Amino acid sequence: LKKSEKKNTIVFSLQGSSLAIVIGKLFGFKIIVRNAEDVLGSTIYSENKIQSLIVLMFKLFSYNFADKIITNSKGSGNSIRKILLKKKKIYPIYNPYLKKIYKNTINKRRNFIISTGRLVKQKDFHNLIIAFNIIKNKLPNYKLIIIGDGQLKKQLQNLVDNLGLNKRIIFTGWKVKLKKYYINSKLFILNSLYEGLGNVLIDAANYNLPIITTNCNSGPKEIIDYGKGGFLVPVNSPRLLSEKILFCLNNYKISIKKSKYAKKRLKRFNCEINCNSYFKLISKTINE
């Protein structure tokens with residue numbers, strides 16, 4: 001930074017931005033940071049409350065000195081707006097994520113319900129397993145496939161074993177290519193306690209896969225257009241989730257109709273469009 005020309009240089013921090021703000025301001029540079037989560041939700045549902053409160057306090061102080069703040073959803077923007085003094089510096093820009101919208105294809109979907117993500121508290125796979133257990137006898141031919149890995153894997157596997165569902169609930173571990181899971185399954189579930197956006201829902205919609213997601217404060221409900229493109233359930237509600245799973249599968253034409261609607265709205269997450277929005281904001285900030 002010392003060697004850089006201040007007039008034509010900007011600091012852009014994508015994650016963990018508090019230190020970058022301090023350094024940027026220390027050397028007199030303009031700085032844009034990106035916040036990719038619901039800052040309040042991540043604190044409330046954290047596994048380490050003390051650490052999360054410290055991080056929140058750093059953000060509460062340092063983010064006020066950033067020139068611009070990009071959030072990856074309107075909801076995450078609203079969350080961080082609650083802790084800032086200068087609220088006009090917040091700019092929601094969806095993730096530059098989607099490179100291609102796939103053509104609609106007709107696949108013979110198997111009796112699979114899938115969910116993917118890190119096996120951590122945030123994703124709440126525990127209550128997803130409980131929800132599946134509630135309705136296991138009503139869905140005797142269905143399997144729940146959980147794709148991902150993480151620190152709670154052993155704990156979740158023990159829960160499955162104790163419920164006698166080790167033949168009905170399958171942990172695949174990390175998978176690089178998920179296409180076969182998306183096109184062969186009947187339902188996708190995101191049961192997170194909080195999110196920033198939820199890219200996996202974009203993938204599910206892109207493969208015409210019906211969606212159930214928790215009604216987080218940010219992200220998922222925006223992707224499915226507040227229920228028009230999928231089904232919403234409250235967080236921490238395994239009983240309501242189990243009822244919604246049954247409704248979704250027993251009224252599959254409605255579920256497919258919603259998935260088609262979600263797919264029509266995917267252009268919002270186009271990589272080129274949102275990268276261009278990033279570039280325009282950076283250029284505007286440099287020239288101010």
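A residue is called buried under 20% relative accessible area, exposed over 50%, and partly exposed in between (1.4 Å probe, protein chains only). The model is predicted, so that local features need pLDDT of at least 70 and side-chain atom pairs count only at pLDDT 80 or more, while totals for chains, interfaces and linings use all residues. Residues are numbered from 1 along each chain as its sequence is written, and side-chain values use heavy atoms, with hydrogens and water left out.

**Exercise 1.** Determine which residues of helix 12 are buried.

*Solution.* Helices are DSSP runs of H or I with at least four residues, and strands are runs of E with at least two, numbered from the N terminus. In helix 12, the buried residues are Asn274, Tyr278, Leu281, Ile282 and Thr285. They lie on the same side of helix 12, because their arc, taken from the directions from the helix axis to the C-beta atoms, is only 100 degrees. On the other side, Glu272, Phe279, Lys280 and Asn287 are exposed.

**Exercise 2.** Find the salt bridge that Asp67 forms, and classify the exposure of Asp67 and its partner.

*Solution.* A salt bridge requires a side-chain nitrogen of Lys or Arg within 4 Å of a carboxyl oxygen of Asp or Glu. The side chain of Asp67 meets that of Lys25 at 3.1 Å, N to O; this pair links distant parts of the chain, with Asp67 in the loop between helix 3 and strand 3 and Lys25 in helix 1, 42 residues apart. Asp67, at 23% relative accessible area, is partly exposed, and Lys25, at 35%, is partly exposed.
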